[in-house]
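Take them one at a time.

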Amino acid sequence: MLANMPLSANGEIRIPIASDADIVIARQRGRAMAESLGFSVSDMTLIATAISEVARNIINFAKRGELAVSPHQRSSRRGILVVARDQGPGIPDIHLAMQDGYSTGKGLGMGLPGCRRLMDEFEIQSNVGGGTTVVMIKWSPDYDSGS
Amino acid sequence: MEVPILKQGSYLIATFQAALTDEDLLKLQDALVMQVGKYRSRGVIIDVTALDVMDSFAARTLRSLAYMVRLRGADTVIVGIQPEVAFAMVQLGLTLESVRIALDLEEGLAIMDQRTKGGKSFALVGQSSQKRRKA
């Protein structure tokens, strides 16, 4: 499972998420890392937007949590790994939360399903009372061919 | 970082910065809805050229803002959505359907002028057609 993968200690940045100002910090740090990894401006914006969404979910539903971004490698592919973790109430029905337009009233209902479209890989694990972990990867197109 | 609001004739122009928090957005919304009345503005232009990310919260706030301004009798135009921001908004599934949008500040001002003058010329056309009917 993606969510169980150990995080590479190499170059990982952790951002505590406890206020709406932290959402801005998280997406700026994430964008800076994406830039340093050679992502295009377009990809940098997709990554920053996805980070903004998952960080806001932490604030809205868990009040506090943590966001980690790190360079990621799998065989010949390189990319960026984004992990959002909280110890909040958890999501009772993940299938429902992943449906377009489903909203608890705090957003447009686009957050989680939208993030899946913004990133290349997306996984969510949640237990009621046990918190939520979202793991997302965006692969750098430079390495897609494996050359 | 609060969003500066510039009063330009009968319009209000709000220019976004990159590092805009949810609270900044809500403050801007309140300030604009107030100032439309205070300055009797006919239009609000929101310049998002510097905005790095338009997420679901920002989009929802802009939609509400435009609707609130409408209820105060003025129009809103959003200008300066960057190509990569537009791309991300579509991927995320965000829409600003009910909000008027223009390429940049220049276009936004042109649309506002057109609307203001358009209203007048519409009235004139109405008058002249009435006259024609009488004649």
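1. Let's begin with two helices in chain B. H1(B) and H2(B) are roughly parallel to each other, because the angle between them is about 10 degrees and angles under 35 degrees count as roughly parallel. H1(B) covers residues 22–38 and H2(B) covers residues 56–71, and their axes are 10 Å apart. Keep in mind throughout that this is a predicted model.

2. Who does the touching between these two helices? On the H1(B) side, the contact is made by B:Asp22, B:Leu25, B:Leu26, B:Leu28, B:Gln29, B:Leu32, B:Val33 and B:Val36. H2(B) brings B:Phe57, B:Ala58, B:Thr61, B:Ser64, B:Leu65, B:Met68 and B:Val69. Sort the contact residues by class and you get 11 nonpolar, three polar and one charged.

3. Now look at the sheet in chain B. It is an open sheet of five strands in the order S1-S2-S3-S4-S5, and the pairing is mixed. S1 (5–8) and S5 (100–102) of chain B each have a single partner strand, so they stand at the edges with one side left without a neighbour in the sheet. From one strand to the next, the twist averages 25 degrees.

4. Zoom in on S3(B) and S4(B). S3(B) is residues 43–47, S4(B) is residues 75–79, and the two run parallel, joined by five bridges. One pair to find on screen is B:Asp47, which stands opposite B:Val79 in S4(B). Both helices from the opening point pack on this sheet: H1(B) touches S1, S2 (11–15) and S3 of chain B, with its direction at about 165 degrees to that of S2(B). H2(B) touches S3 and S4 of chain B, and its direction makes about 150 degrees with that of S4(B).

5. Is B:Thr76 buried or exposed? This residue lies in strand S4 of chain B. B:Thr76 has a relative accessible area of 7%, so it is buried, the cut-off being under 20%. Leaving aside neighbours within four places in sequence, B:Thr76 is in contact with B:Val44, B:Ile46, B:Ala66, B:Val69, B:Arg100 and B:Met112.

6. On to chain A. Chain A has four helices and five strands, and along the sequence they follow the pattern β-α-α-β-β-α-α-β-β. Of its 147 residues, 51% count as buried. Take the contacts between residues at least 6 apart in sequence: 63% of them join residues at least 24 apart. Chain A exposes about 6700 Å², with carbon and sulfur atoms supplying 51% of that area.

7. In what order do the strands of chain A sit in their sheet? The order is S1-S2-S3-S5-S4, in an open sheet of five strands with antiparallel pairing. The edges belong to S1 (13–17) and S4 (121–127) of chain A, each with a single partner strand, so one side of each has no neighbour in the sheet. Direction ignored, neighbouring strands here are turned by 15 degrees against each other on average.

8. S2(A), residues 65–74, runs antiparallel to S3(A), and 10 bridges join the two. A:Gly65 has A:Asp86 as its bridge partner. S2(A) and S3(A) form a hairpin with two residues between them, and A:Ser75 in the turn has a positive phi of about 45 degrees. S3(A) is also joined to S5(A), residues 131–139, by eight antiparallel bridges; here A:Ile80 stands opposite A:Lys138.

9. Follow the sheet on to S4(A), which pairs with S5(A) in the antiparallel sense over seven bridges. A:Phe122 is bridged to A:Met136 in S5(A). Helix H4 of chain A, residues 111–118, lies across S4 and S5 of chain A, running at about 150 degrees to S4(A).

10. Finally, two loop residues to check. A:Lys63 is not a glycine, yet its phi is positive, about 70 degrees. A:Lys63 sits in the loop between H2 (41–62) and S2 of chain A, and it is exposed, with a relative accessible area of 61%. In chain B, B:Arg40 also has a positive phi, near 50 degrees. B:Arg40 is in the loop between H1 and S3 of chain B and is exposed, with a relative accessible area of 71%.

Conventions. Residues are numbered from 1 along each chain as its sequence is written. Chains are lettered from A and ligands numbered from 1 in the order in which they are written. This is a predicted model: local features need pLDDT of at least 70, side-chain atom pairs count only at pLDDT 80 or more; totals for chains, interfaces and linings use all residues. Side-chain values use heavy atoms; hydrogens and water are left out. Two strands pair if DSSP finds at least two bridges between them. Buried means under 20% relative accessible area, exposed over 50%, partly exposed in between (1.4 Å probe, protein chains only). Contact means heavy atoms within 4.5 Å. Accessible areas come from the Shrake-Rupley method with a 1.4 Å probe; for residues, only the protein chains shown count as cover. Axes are lines fitted to C-alpha atoms, for helices over the stretch in contact, and angles run from 0 to 180 degrees between N-to-C directions. Angles under 35 degrees count as roughly parallel, over 145 as roughly antiparallel, 65 to 115 as roughly perpendicular and the rest as oblique. Ala, Val, Leu, Ile, Met, Phe, Trp, Tyr, Cys and Pro count as nonpolar, Asp, Glu, Lys and Arg as charged, and the others, Gly among them, as polar.
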